[in-house]
Amino acid sequence: MKIAPVFSENALQVAFEDAYKRHKAGKKLNIADRNLLDAGLDASLRLLSIDPLTKSLNDNALNQHLEEAVQHATRPEYKRKAVFIITDIDNFAAFNAHTNYDIADNLLKTTFDYFKTIFRSGDHIARIHGDEGGILSPRLGEADTTIHGELERRVRGGDIPSYLTYISELDPTGIVGLSMGTVIIEPGMTVQDIRDKATDALKHVKYLKKAEKRKDINVAQWDAGIEYEPMKEWLTEYAKS
């Protein structure tokens, strides 16, 4: 697999390009040249895993971390349960339609900046596609009975401003909100299981907000009980929207 050399603009740029030219020309490289090429490859690999708009991880990088979480869940030495969270900006399509692309992009960037304030530095924050995000928190499951309440506290404003306060200058109309669906990663789950269950929990939040006019909920945690009968008709309509 060939990876084109990508190097951010800095003082080493010219030296890296010279070393790469010597490498392509078949010339013998010294240790300094090899170090420069290794640094350029590392930079290339990092850029391949980053979403260019939000500077968060992209979906491919998130999948790699989920694979690792699946493996860790089966090992007895890993006693802490990881949590996967799918996020969605409420009414983003309507917001986008009434503004312009620059403002919508700014809202996306601000939202992912917000995630970086309410989650730990060791958590993996990714943009999956559009306005949907995915967050893998290896340590949030330490107190698995309080995940729902803990995330609600963070989104509504705990030690930092709430999400709505954080984005208020971008959305003076107040139509934008935030929904999260969570799942605790258990032994035996696959990556697809994790994604599907978190998505079901996210849909449950959307259901409660829209069908039952619930404004007091931002987060739902997956369990078998969320797939109840009254939800099916609404989910059919949600899939069309």
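**Walking through the model**

Mentor: Let's start with the rings: there are 6 aromatic pairs in this structure, and keep in mind that the model is predicted.

Trainee: How do F112 and F115 sit relative to each other?
Mentor: F112 and F115 pair edge-to-face, with 5.3 Å centre to centre and 80 degrees between the planes.

Trainee: Where are those two along helix α5?
Mentor: F112 and F115 are 3 residues apart in helix α5 (residues 101–118), so about one helical turn separates them.

Trainee: Are F112 and F115 buried or exposed?
Mentor: Both F112 and F115 are buried.

Trainee: And why does the pair of Y114 and Y163 count as edge-to-face?
Mentor: The ring planes of Y114 and Y163 are at 65 degrees, and over 60 counts as edge-to-face. Their centres are 5.2 Å apart.

Trainee: Which helices do Y114 and Y163 belong to?
Mentor: Y114 is in helix α5 and Y163 in helix α7 (residues 163–166), so this pair ties together parts that are 49 residues apart in sequence. Y114 and Y163 are buried too.

Trainee: Which residues form the aromatic cluster?
Mentor: One cluster is made up of F112, Y114, F115, F119, Y163 and Y166.

Trainee: Changing topic: how many residues of strand β1 are buried?
Mentor: In β1 (residues 83–90), 8 of the 8 residues are buried, so the strand is largely enclosed by the rest of the structure.

Trainee: Which residues are on each side of β1?
Mentor: V83, I85, T87 and I89 are on one side, while F84, I86, D88 and D90 are on the other. Both faces are covered.

Trainee: Which way does β3 run relative to β1, parallel or antiparallel?
Mentor: β1 and β3 (residues 132–137) run antiparallel, joined by 6 bridges. If you want a spot to look at, F84 stands opposite L136 in β3.

Trainee: How many bridges join β1 to β4?
Mentor: There are 8 bridges between β1 and β4 (residues 177–184), and these strands also run antiparallel. Here D90 stands opposite G177 in β4.

Trainee: I was also looking at E152. Where is E152 placed?
Mentor: E152 is in helix α6 (residues 147–156).

Trainee: Why does E152 count as buried?
Mentor: Its relative accessible area is 9%, and buried means under 20%, so E152 qualifies.

Trainee: What is E152 in contact with, leaving aside its neighbours within four places in sequence?
Mentor: E152 is in contact with D216, I217, N218 and V219. D216 is 64 residues from E152 along the chain, and their C-alpha atoms are separated by 9.3 Å. For V219, the backbone nitrogen lies 3.0 Å from a polar atom of the E152 side chain.

Trainee: What about helices α3 and α8, at what angle do their axes cross?
Mentor: The axes of α3 (residues 59–73) and α8 (residues 191–210) cross at roughly 110 degrees and come within 9 Å. The two helices are therefore roughly perpendicular to each other.

Trainee: Which residues meet there, between α3 and α8?
Mentor: From α3 you have D59, L62, N63, L66, E67 and V70, and they meet V191, I194 and R195 in α8.

Trainee: Last one, the overview: how many helices and strands does the protein have?
Mentor: The protein has 9 helices and 5 strands. Of its 241 residues, 39% count as buried. Among contacts with a separation of 6 or more, 67% come from residues 24 or more positions apart.

Key
Residues are numbered from 1 along each chain as its sequence is written. This is a predicted model: local features need pLDDT of at least 70, side-chain atom pairs count only at pLDDT 80 or more; totals for chains, interfaces and linings use all residues. Side-chain values use heavy atoms; hydrogens and water are left out. Buried means under 20% relative accessible area, exposed over 50%, partly exposed in between (1.4 Å probe, protein chains only). Helices (H or I, at least four residues) and strands (E, at least two) are DSSP runs, numbered from the N terminus. Two strands pair if DSSP finds at least two bridges between them. Rings of Phe, Tyr and Trp (its six-membered ring) pair if their centres lie within 6.5 Å; planes under 30 degrees apart count as stacked, over 60 as edge-to-face and the rest as tilted. Contact means heavy atoms within 4.5 Å. A polar contact is a pair of N or O atoms within 3.5 Å; within protein, one must be able to donate a hydrogen and the other to accept it, and residues adjacent in sequence count only if both atoms are side-chain atoms. Axes are lines fitted to C-alpha atoms, for helices over the stretch in contact, and angles run from 0 to 180 degrees between N-to-C directions. Angles under 35 degrees count as roughly parallel, over 145 as roughly antiparallel, 65 to 115 as roughly perpendicular and the rest as oblique.
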